[in-house]
Structure formats: structure tokens, C-alpha cells
Amino acid sequence: MKAITANRLEDGVVVYLGADDGWTSDLAKAARFEDEDAKAALAGAEARAGEIAGAYLIEVSDAGAPAGRETLRETIRKDGPTVRLDLGYQAEA
Amino acid sequence: MYRYDEFDATMVAERVAQFRGQVARRLSGDLTEDQFKPLRLMNGLYLQLHAYMLRVAVPYGAMSSKQMRRLGEVARKYDRGYGHFTTRQNIQYNWPALVDVPDLLDELADVEMHAIQTSGNCIRNVTSDQYAGATAEEIEDPRPYCEMIRQWSTFHPEFSFLPRKFKIAVTAAPHDRAAVKVHDIGLILYKNDEGETGFEVIVGGGLGRTPYVGHTIRKFLPKEYLLSYLEAILRVYNLEGRRDNMYKARIKILVNSEGADKFAEAVEAEWAQIKDNGIDLPREEIARINDYFAPPAFETLSAESAALEEKKAADKDFARWVRANTVAHKIPGYAIANISLKPIGGIPGDISDVQMEAVADIAEKYSLDEIRATHEQNLVLPHVKKDDLYAVYKALKEADLATANIGMVSDIIACPGLDYCSLANARSIPIAQRISERFADLGQQEELGEIKIKISGCINACGHHHVGHIGILGVDKKGEEFYQVTLGGSGAEDASLGEIAGRGLSSDQVVDAVEKLVGVYRQHRQDNERFLDTYRRLGADPFKEALYEAA
Ligand code: HEM
Ligand code: SF4
């Protein structure tokens with residue numbers, strides 16, 4: 001499964017395209033796409049240039065966690081720097 | 001120190017105003033990211049894993065207390081309360097919001113700071129010896145030359161769109177603290193046999209994907225010809241450098257593919273055409289720039305300080321800090337004091353807002369208002385009276401900035417790596433932290449002497465791993481972090497590139513590996529030689545054996 005991630009334009013924080021078509025900070029709430037639908041969904045997201053920058057597809061597990069080759073990178077984006085647990089989304093948890 | 005004249009101030013203010021408009025147009029959706037990206041990069045603004053990242057220039061690493069205080073305020077107001085000093089004597093903020101960046105830049109402009117020449121394919125911020133104007137070793141203060149290069153290169157119309165970024169470093173001391181041999185152009189100011197001062201000109205060094213130690217293309221350049229000669233080099237490069245392939249576009253590729261001799265000939269031919277065209281500064285202008293760097297008001301003191309000796313005898317930790325972190329000053333009764341940004345187990349180069357303000361206060365009171373950033377991600381108080389060293393130490397200690405480890409095994413360079421950087425293969429910082437903790441004992445570190453460990457999270461080599469005595473490079477192996485160890489590199493006057501020790505190691509193995517390497521050194525060390533000297537004397541074999549034996 002794929003999800004769409006980007007950085008929010010105004011402050012750069014990590015966001016995911018939500019199931020409600022808004023942007024969410026919570027990967028678990030992200031819309032999940034089958035591989036064959038993902039490209040079209042990404043093109044739709046990229047067109048929303050006034051909201052985000054640098055949209056791309058990531059691999060997610062059925063449970064909505066980062067998966068595949070970029071698991072570590074996407075886990076760090078989702079949570080925050082592993083060397084500063086007081087920063088990023090992990091700090092709010 | 002150099003103060004911006006009206007012209008500079010206007011230029012910086014205009015640039016911020018222009019960027020403010022660009023940001024507004026991006027936020028309103030009038031500009032796409034593709035259109036905006038080159039504009040934000042020209043202003044030092046990157047997009048990283050978690051947020052935007054702003055790189056602020058610290059030309060040749062020199063700052064006043066006022067500037068450092070402002071850097072701290074900005075960290076608190078617009079970032080998350082800290083900044084990161086880099087291997088290019090700059091500072092980076094990891095979390096600024098795009099909407100705030102114009103205001104942030106305005107506040108920096110108030111203290112003559114900006115993010116110009118920190119990104120893009122231009123001549124980047126010039127770097128230099130952090131002890132400039134303070135060390136007894138130097139022939140002359142190199143900073144006026146850095147400043148001449150800065151003025152000549154800023155917004156130079158011909159050199160704003162080079163094939164690739166371009167980095168120049170200048171030193172005027174035989175001991176190279178500016179890594180001049182691994183820059184696009186490295187300049188060493190020295191006195192020749194006739195007693196004239198001029199530059200040795202080194203071209204084509206660099207790190208990254210294809211590392212090279214630079215080649216000397218001119219043994220002696222009379223100093224008054226500095227700018228015309230640089231212009232000749234840049235012209236040849238701008239014309240002949242490759243633009244079709246980003247990985248082959250740096251000057252190092254040109255110099256090393258056509259040969260240094262041939263490159264030198266082309267430069268000399270170009271220079272012969274332009275050397276008398278008025279590119280070099282007239283004498284009065286050189287004098288004006290030199291005046292900005294006139295020595296501060298040093299007092300006449302006796303060379304030795306009884307107060308210092310007394311405190312050293314009374315406080316062992318202080319005595320250790322003096323041995324490890326201070327070096328000789330050219331003026332009797334003064335010392336150069338290094339501030340380590342490498343606390344045991346800490347993040348190399350990171351400094352909090354409160355610490356920045358503490359450093360600003362200390363420099364104002366005890367270092368004639370001057371602070372330097374080093375390419376090894378530390379800070380320097382260049383002009384401290386020996387009589388004041390104890391007070392400085394106490395104040396640094398109060399701010400958690402008194403780790404006595406300069407040049408030692410825990411004084412590690414590490415790039416941001418996968419914790420922040422979107423290009424990374426693997427994390428760098430946690431490796432640095434674990435090595436630092438493994439060798440935590442400062443007595444043991446002092447006994448081991450100089451060992452330079454440098455860590456990069458990918459082949460771009462922002463952490464200078466190729467020139468580490470022990471270099472560590474993060475690689476990606478099927479989605480797992482792996483680390484390749486290189487041995488025997490140096491970025492100093494005895495520059496060399498490290499050799500790969502063998503197959504990659506897991507993140508668990510790499511700290512043990514460093515300990516094994518240090519063990520071999522300890523076993524074979526002669527007469528207090530450095531790790532690097534032992535390695536060069538014995539060759540790689542005993543080190544490799546230790547690394548891979550039954551591992
Ligand atoms: C996090 C954002 C950063 C990005 C995207 C980035 C990107 C790059 C890239 C692409 C290169 C290779 C360029 C080439 O060879 O043409 C490079 C080289 C380099 N960067 Fe970074 N870097 C970043 C942060 C840093 C930091 C934090 C430091 C210092 C700690 C640094 C210092 C350097 C140095 C010294 C080099 C290699 C020297 C050379 O240009 O040959 N960079 N960087
Ligand atoms: S070396 Fe690679 S991982 Fe480290 S900061 Fe540079 S680009 Fe990022």
C-alpha cells in the first residue's frame with residue numbers, strides 16, 4: 001500500500017494526505033492507495049501547490065506504518081530526530 | 001573586525017525585501033515549488049526531512065558578541081531553541097517556518113548577517129583559519145584577503161551561475177586549520193626565500209563522491225594579484241567545466257581529468273590577458289580593508305600569569321582544560337581559548353540559545369568582543385588574557401561548554417545525517433554520540449592525543465569522512481544502516497584521503513571497531529606519536545586485521 005507525504009508549505013512540517021482529502025500529521029489517518037492508483041493520487045496532491053511542497057509516495061503497511069526500504073527514513077520523518085526526542089511529532093505523543 | 005559599509009547594508013536589505021515578496025507569492029500559490037526552489041536556495045533555505053533548514057553565513061567564521069547574541073535570540077524566537085555549527089563555519093537552523101523566514105532574515109540583517117552565498121552554484125562563503133589575527137604562527141592576518149574575496153565574489157555577475165558550487169579557503173599559517181587542500185581553491189599565504197609574501201595556489205581539491213587532494217598550480221603568487229588570478233581560474237573553469245553532468249561539474253573533475261599542468265597553463269594564459277585590467281584592488285582600497293582588521297586594543301602584559309599558574313595548581317580540571325583547549329597567542333599574556341561543542345555524548349556542533357548568549361557575554365567581557373567558528377564544529381574565543389582564563393572557564397562550565405577535548409577522540413565531526421537530512425543513507429549523530437561515550441574518560445583521551453574521527457551520512461561528505469584519521473561513511477544496505485570505515489585521511493597540511501578498511505559494519509559493530517583501531521594504535525605507538533603517524537608508519541594491515549579478526 002502507498003500513502004502520500006509532503007512538507008506543509010507554510011512551516012515545512014511533515015504531513016500526509018488524509019482519508020478526508022485534507023492534510024494530516026498522523027500517518028495512521030492517511031489515505032492508503034493500491035499501487036496502481038497511487039500515481040494519479042500523487043498528481044492530484046502535487047497540483048495543490050499552495051498547500052504543500054515536495055509530495056511523494058511512501059510505502060505503508062496494512063496497519064498504516066512506514067514499510068519497505070525507506071522504513072527508517074519515514075519513521076524518522078513521522079516521529080522526529082532520534083537524537084532529540086523532545087522535537088518533532090514524538091514530542092507531542 | 002569588518003563592518004558592513006552602507007553599500008553592503010543596502011544590498012542585504014534589498015535582498016531580504018525581494019525574498020519577502022517571493023515568499024508571499026509562493027504562499028499565495030502564484031509561484032510553484034519548482035519556480036520557488038532556486039529562489040529560496042539563493043537565500044540559504046533548504047527543505048529537509050522535518051522542516052525547512054536555513055543556513056546562515058558566518059564569513060570566515062568571525063562573529064561579534066552582538067551577532068552571536070542575535071543568533072541565540074533567533075534560535076529561540078523562530079526555531080526550537082538551538083542552532084548547528086557546520087564544517088563550513090556556518091550555522092544552520094533546523095526548524096524555521098517559511099512564513100517567518102523574511103522576519104528572521106531582517107533580524108539577522110540588523111546585525112549584518114545574512115544567508116547569501118550559502119547555497120547554489122556560486123562562490124560560497126569563504127572559510128579561513130579560526131585563529132586568524134591571534135596565532136603567533138601566521139605570516140599575516142588572512143582575513144583581509146578573505147574579505148577581498150567576499151567583496152569580489154558576492155553577486156559577481158560572471159560567476160553567479162557556475163557549473164557547480166565553488167568553495168575557497170584561505171590560511172596564513174603553516175599548520176592548516178582550514179583544510180585548504182580539499183577545497184576548490186585553497187590559498188596558503190607565506191613568505192618566500194626573498195622575503196616577499198604571496199600565496200601558494202592549490203586547485204581542484206574536494207570531498208564528496210570523487211574526493212581529491214588539490215594540486216598546486218602556482219607556487220608563489222604575489223599577494224597583490226590575488227583577485228585577478230582567482231578571476232583567471234574561475235574563467236577557465238566557467239568556460240571548460242562540465243555542465244551536462246552534476247557529478248562531474250566541480251573544478252576538481254576538470255583539473256584532474258585534463259591534468260593540473262594543463263589547467264595551470266590555461267589559467268596562466270588567461271591571467272596574462274587580464275592581470276593588468278584593474279581587477280586587483282588599488283593600494284588605498286587594500287589599506288581600507290586592512291584597517292577593518294586592525295588588531296583590537298591589546299594590553300601590554302607580562303607573558304606569564306601568576307594567577308593562571310595558581311589556579312591550575314589548585315584545580316586539576318581547569319589545568320586539563322587549559323592543556324587541551326587553549327593555545328598560544330601572538331601577544332604576550334594572551335591565549336586563544338577553544339570552546340568545545342562536543343560534550344561527551346552530545347550532538348556535534350549543536351548549541352542552545354542560552355549557550356549562544358552565554359558565549360556572547362563571555363566574549364564581550366573577556367575576548368575583545370570576538371568569537372570564531374571552526375570547521376571542526378567548535379567555537380573559539382580568540383583573545384583571552386591569561387589572567388582571565390579561570391573566569392572564562394568557570395563561565396563556560398556554568399553553560400556546559402567546558403569539555404576539555406579539542407582535537408581528541410571525542411572531538412568528532414558529524415554531519416546531520418538521517419536524523420535531519422533528506423539526502424542521508426544513515427544516521428551520523430548517534431554514532432558520534434556512542435563513540436564519545438565509549439571514550440568518555442578525559443584523562444584517557446588526553447593520553448591518546450590527537451585522533452580525528454569524521455562521520456558523514458552519505459557520500460556527499462559534509463562530515464569530511466575522507467579526511468578523518470578514522471572516517472565513517474553511512475551507506476544504505478537494503479534499507480539498513482551500514483557504515484564504511486576509512487583510515488589514514490587528513491585534512492591538514494599533511495592532507496591525504498583515507499583508504500577503505502574493508503566491508504561495511506553494522507551500526508552495532510562500528511563503535512567496537514573504533515575501539516579496536518585505537519587499541520592497535522595504543523599497542524604500537526612510539527614516542528607519543530599521533531594515531532595518524534602510527535597508521536602511516538605501520539600501514540593498514542594491522543588495523544584491518546584487528547577490525548576483521550573473527551568479527
Ligand atoms: C542538511 C542539509 C545539507 C544538504 C542538503 C547538503 C548537501 C550537500 C551536497 C549535495 C554536497 C556534495 C556537493 C558536491 O560534491 O558537488 C555537499 C557537500 C558538502 N557539504 Fe553539505 N549538505 C547539507 C548539510 C551540510 C552540513 C550540516 C555541513 C557541515 C556539517 C555541510 C558541509 C558540506 C561540506 C564540507 C561538503 C563537502 C565538501 C565539498 O564541497 O567538496 N553540509 N553537501
Ligand atoms: S553528508 Fe549526506 S547525510 Fe550528511 S549532511 Fe551531507 S548530504 Fe546530508
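A: **The sheets and the ligand sites**

Let's start with an open sheet in chain B, where five strands with antiparallel pairing follow the order β1-β2-β5-β4-β13. Strands here are DSSP runs of E with at least two residues, helices are runs of H or I with at least four, and both are numbered from the N terminus. Two strands count as paired if DSSP finds at least two bridges between them. At the edges are β1 (45–47) and β13 (350–352) of chain B, each pairing on one side only. On average, neighbouring strands of this sheet are turned by 30 degrees against each other, direction ignored.

Before we go on, a word on the basis: this is a predicted model, in which local features need pLDDT of at least 70 and side-chain atom pairs count only at pLDDT 80 or more, while totals for chains, interfaces and linings use all residues. Residues are numbered from 1 along each chain as its sequence is written, chains are lettered from A and ligands numbered from 1 in the order in which they are written, and side-chain values use heavy atoms, with hydrogens and water left out.

Helix α12 (residues 353–366) of chain B lies across β4 (82–85), β5 (91–93) and β13 of chain B, at about 85 degrees to β13(B). Contact here means heavy atoms within 4.5 Å; axes are lines fitted to C-alpha atoms, for helices over the stretch in contact, and angles between N-to-C directions run from 0 to 180 degrees.

That helix leads us to another sheet: α12(B) also lies across β12 (334–339), β14 and β15 of chain B, running at about 25 degrees to β15(B). These strands belong to an open antiparallel sheet of five, in the order β3-β14-β15-β12-β11 of chain B. Its edge strands are β3 (62–64) and β11 (326–328) of chain B. Within it, β14 (residues 370–373) and β15 (residues 379–385) of chain B pair over two bridges, with Val380(B) in β15(B) as the bridge partner of Arg372(B).

Now to the ligands. Cys462(B), in the loop between β17 (453–456) and β18 (470–477) of chain B, provides through SG the single protein donor to the iron atom of ligand 1, 2.1 Å away. Donors are N, O and S atoms within 2.8 Å of the metal (3.2 Å for Na, K and Ca), and since water is not among the atoms, sites may look incomplete. Ligand 1 is surrounded by 21 residues, where near means a heavy atom within 4 Å. A polar side-chain atom of Lys167(B) lies 2.8 Å from an oxygen atom of ligand 1; a polar contact is a pair of N or O atoms within 3.5 Å. Cys462(B) is also one of the residues around ligand 2, which include Cys415(B), Cys421(B) and Cys458(B).

Terms used
A polar contact is a pair of N or O atoms within 3.5 Å; within protein, one must be able to donate a hydrogen and the other to accept it, and residues adjacent in sequence count only if both atoms are side-chain atoms.
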